[in-house]
Amino acid sequence: MSDKNARPYGPVASERTPLKARKVSFSWEDTPLHWIPGDPFATHTINVLHLLLPAGERWFVHVYRQVLPHIRDERLREDVIGFIGQEAMHSQAHDEVLPHLRELGLDPTPYTAQVDWLFEKLLGDRTLPPGRARRWWLMERVAIIAAIEHYTSFLGDWVLNAEELDRRGADPTMLDLLRWHGAEEVEHRSVAFDLFMHVDGGYRRRVRTWATAFTALVFLWQRGARFFMDNDPTPAAGRASFKDFYLGGQQGVLPSTGDLLKSVPRYLSRSYHPSQEASTAQAIAYLATSPAATAAATATAERNT
Ligand SMILES: [Fe+2]
Ligand SMILES: [Fe+2]
């Protein structure tokens with residue numbers, strides 16, 4: 001209750017920023033398998049992002065292209081177009097990590113094949129006739145994306161502040177990928193929710209789709225972490241467990257379980273708006289120094305001269 005009272009009601013205008021995709025690229029050849037040294041479990045728990053995001057963010061883009069004709073607000077349309085550009089780039093950047101994992105002896109294909117099926121078939125367009133059923137399914141997916149984006153923003157904010165990863169000597173290229181992506185998640189954190197509120201906004205739908213998204217994320221994440229740990233070529237890697245997740249959170253190498261649980265009632269609060277979470281200024285400050293984002297900015301400037 002006190003949490004709710006302490007928060008501003010509705011959108012915080014100063015948190016809005018124009019969105020653009022940064023055409024980043026990363027070289028993976030120097031990144032070790034356990035890029036958080038000595039911590040295969042935390043490494044692989046975060047690595048699950050590379051399994052889920054290529055298909056997941058491609059799916060966001062696919063759904064949003066269908067929603068564009070339903071948008072009656074020019075500013076929101078611009079935001080959605082910026083969001084599409086950023087998510088397409090995120091999907092590609094995480095996809096490019098997978099061949100490197102394969103070279104290190106960890107083939108992700110058995111898992112990514114299932115994730116592809118989930119997003120393309122189960123959450124795909126289905127063969128619905130134009131009309132109510134088709135619109136219902138589109139709105140349902142728009143609401144699911146808004147719920148997922150609550151967590152991508154949560155994770156983005158977490159990784160931007162996860163100084164323990166620096167202290168542990170985590171691989172700088174992987175950290176830059178995660179923080180560039182995390183910063184853009186924070187930058188565009190209001191778009192999916194604003195879009196959902198604009199085209200539907202039903203509270204029951206928000207709660208229902210949050211439950212779907214949360215359950216699916218927990219399920220896919222623990223299966224992904226287990227998949228990586230079971231297939232890690234290092235004999236001492238061990239097995240994935242919830243206890244290790246909890247301890248990783250306590251140590252600061254993973255998000256804390258308590259913070260994750262506390263974020264739930266915030267999303268379900270009727271006064272929720274994503275701009276009340278995280279900091280756009282921090283995201284922009286990171287992007288101004290990120291090696292990948294600054295290289296992308298230089299390359300774009302050179303192309304334009
Ligand atoms: Fe993203
Ligand atoms: Fe996002």
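Select Y64: leaving aside residues up to four places away in sequence, Y64 touches V80, F83 and I84. A contact here means C-beta atoms, placed from the backbone, within 7 Å. This is a predicted model: local features need pLDDT of at least 70, side-chain atom pairs count only at pLDDT 80 or more, and totals for chains, interfaces and linings use all residues. Residues are numbered from 1 along each chain as its sequence is written, while chains are lettered from A and ligands numbered from 1 in the order in which they are written.

Stay on Y64. Is Y64 buried or exposed? Y64 counts as buried, because 21 C-beta neighbours lie inside 10 Å. The cut-offs are 20 or more other C-beta atoms within 10 Å for buried, 12 or fewer for exposed, and partly exposed in between. Y64 sits in helix α2. Helices are DSSP runs of H or I, at least four residues; strands are runs of E, at least two; numbering starts at the N terminus.

**Next, select 40-67 and 74-95.** These are helices α2 and α3, packed at about 150 degrees with axes 8 Å apart. Axes are lines fitted to C-alpha atoms over the stretch in contact, and angles run from 0 to 180 degrees between N-to-C directions. The pair is therefore roughly antiparallel, the word for angles over 145 degrees. On the α2 side, the contact includes L49, L53, F60 and Y64; on the α3 side, V80, F83, I84 and A88 are among the residues. By class, this contact has 10 nonpolar, four polar and four charged residues. Nonpolar covers Ala, Val, Leu, Ile, Met, Phe, Trp, Tyr, Cys and Pro; charged covers Asp, Glu, Lys and Arg; the others, Gly among them, are polar.

**Jump to V142.** V142 is 78 residues from Y64 in sequence, yet the C-alpha atoms are 7.7 Å apart.

**Now select 132-161 and 191-199.** The axes of α6 and α9 come within 8 Å and cross at roughly 150 degrees. That makes α6 roughly antiparallel to α9. V142 belongs to this contact, along with M139, A143, I145, A146 and E149 of α6. From α9 come A192, F193, L195, F196 and V199. The classes are 10 nonpolar, no polar and one charged.

**Zoom out.** The protein has 14 helices and zero strands. Its C-alpha atoms fill a box of roughly 55 × 45 × 45 Å along the principal axes. Buried residues make up 37% of the 305.

Terms used: Parallel < 35°, antiparallel > 145°, perpendicular 65-115°, else oblique. Contact = placed C-beta atoms within 7 Å.
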